[in-house]
Amino acid sequence: MSACKRLLYIVKHRGIWPSIWRRNVTTWSPVGAAFNAKPHRRLELFEKNVGLFGVPELSSPAGFEVTTKRALKDTQELVDKVCSSPPGAVTVETFDQLSDGLCKVADLADFVKVAHPEPSFREAAEKTCIEIGTVVENGILHNDSSLWTQKQGMLSNLNPFTVAELFMFDFAISGIHLDEKLRKEAVKLHVKLLDLNNEFLMGSHLPNRIAKSAIPEHIHCHFATEGSFIQIGGLHAESSNDLVREVAYRIFLYPNADLMECLEELLKCRNKLAKLVGYESYAHRALQGTMAKTPGIMLPPLSPNNDFHFNYGVLRAERYNIEPSLYSPYFSLGSCMEGLNSLFTKLYGVSIMSEHPSAGEVWNDDVRKLAVVHETEGLLGYIYCDFFHRANKPHQDCHFTIRGGRQCQESGQYQLPVVVLMLSLPHPTKSAPTLLTPSMMENLFHEMGHAMHSMLGRTRYQHITGTRCATDFAEVPSILMEYFATDYRVVNQFARHYQTGQPLPQSMVARLCESKKVCGAADTQLQIFYSALDQMYHGKPQNRSTTDILKDMQHKFYGLPYTPNTAWQLRFSHLIGYGAKYYSYLMSRAVASMVWKQCFVQDPLNRDMGERYRREMLAHGGGKEPMLMVEGMLQRQPTIEDFVDALVTDLNPDFETFIMDSTS
């Protein structure tokens, strides 16, 4: 796209409010300005409500029922078509069309049920999720054995590791190949798990509350209040106040009997279903098709001093003078978005451009819409940025696929991907834009890595688009972005003081990078503990509580002791989306480390390497075996020693000596 065309695109589509040009920010690009200014509230009296994400029916909560009924009707028609046609390539196309129709409704509803500020929308979306999940498991797909015959014929006519094979796998792990009696039992377990998953996921994010009189009055101001109670909705790990951190930890992690029962029943049901469909355990079922392939290969613990009992974040700040407030003025949200835009332009020839959403298209006034545009390929897709804190919004950084990319055989057009990035950042004020701490900035880069994975793929089928790939590969693009976020050659492209325009000194970036290494061993050890706990929960059933298992795993794999009367596992929401796969963060980190050191460390802005990365790793989604994508990028086959070395070499070799010196 020429500079002239790009300018015309910006003028036509940008959602930039004229007032921001009167706020001494004329050096910001349009995308930077869109995020560094507080948008004015729009008057939509005479604008047509286009519905959430441009879906006309979703201009009101009642629209979810309409879209759900239509999706299920279309699905039944496509199932009938599959069952009455000879197996082959057309069958795959029909299955993907079927999958796309369901996912476009279910995935959108899955996001709305947790993120929409209006309860009526959340409730309608949750009802849609349950209805589609129940009907799919209980009637249309997994209860029709004729589909299994079609799928077997479909696979026999196609090459290995095609989307047909992935469809086969999805149906086999659901029990479609079982006899009628066992298949009905599998369906019941699926339906029960849908309810348990939803109950646990919602409960894991709810705050705990305690009477104001139970904690010292001078720290009340650090927490939300509700009448005579204090509400604690997180760990407050970045607070510099020791007592605030301790109170938050003990109250937020205090055991909830109902949620404990939900988790233990969920794990029992998962194991029962896995055994029913022919697997040794739920972990064996979950790891099929991943880079790891089978459970049981655990990395050894990395051991910092076991008597290290104080906050890692405070240690980093004190040792390296990396108090977040020193960095935040250089990391305005707008400048960080400019940095991402610059990086993507240099690596892929891609620009992110602010667009003005139509009336009713977004669920909150502060949601920004970005168009992702390639210099020659044109529009690649859309990213909705739900970045700011609000009441009842989950305090978790997430990437949601709303619509997957696919080649539509019906129209001949490519269906553009649509995703949402959800953060929980502070709002801009009258005197300053939103300022990010270093960790917030890294999280932004991380989540944008997921978004670009979705945008840069061009798969034929939506079933394997973007992040719909092996779980232990899906985190590679996001973790790789963290390396870019802390490389001075990248940071220097955008980190400017929001008042003076001065660049962030290289020495401050160096201190930040060194501070990350100091606690790298502890962080890695924590991830190993989480991974071991997840594997133990989903392996052979044990006749003990989830808390007893946690105590045992924490003793074996982590340097800090268990705190009595806490149940951290009840806040482990990754058990839902990453059940038996939490190790994926470690494996993905190892792969990202190898890719960074071999391909980008010499020149993080190298266009040829960026194109290779897109071609070998981002373009395929889940349509290519993950280890083959890694081999294509590295141009060699990595060994298990390479994976371990990649994790260990990022750590500070003097870690234990440093800890001993600091505590003496």
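Tutor: In this predicted model, Phe 494 has a relative accessibility of 3%, and because buried means under 20%, Phe 494 counts as buried. Its place in the chain is the loop between α18 (488-491) and α19 (506-518). The ring of Phe 494 pairs with that of Phe 331: the two centres are 6.3 Å apart and the planes stand at 35°, so the pair is described as tilted. Phe 331 belongs to another loop, the one between α13 (324-327) and α14 (333-348), and the pair therefore ties together parts that lie 163 residues apart in sequence. Phe 331 is likewise buried, with a relative accessibility of 1%.

An α-helix has 3.6 residues a turn, so residues three or four places apart point the same way.

Aromatic pairs also occur elsewhere, and their count in the model comes to 25. Ring pairs join Phe 529, Tyr 530, Tyr 558, Trp 568, Phe 572, Tyr 578, Tyr 582 and Tyr 585 into a cluster. Rings also meet charged groups: the charged end of Arg 209 sits over the ring of Phe 229, 3.9 Å from its centre, and Lys 369 lies over the face of Tyr 382, at 4.5 Å from the ring centre.

How values were computed. Residues numbered from 1 in each chain as written. Predicted model: local features only at pLDDT ≥ 70, side-chain atom pairs only at ≥ 80, totals over all residues. Heavy atoms only, no water. Phe/Tyr/Trp six-rings, centres within 6.5 Å; stacked < 30°, edge-to-face > 60°. Helix = DSSP H or I, 4+ residues; strand = E, 2+ residues; numbered from the N terminus. Buried < 20%, exposed > 50% of the residue type's maximum accessible area, 1.4 Å probe, protein only. Lys NZ or Arg CZ within 6 Å of the ring centre and 35° of its normal.
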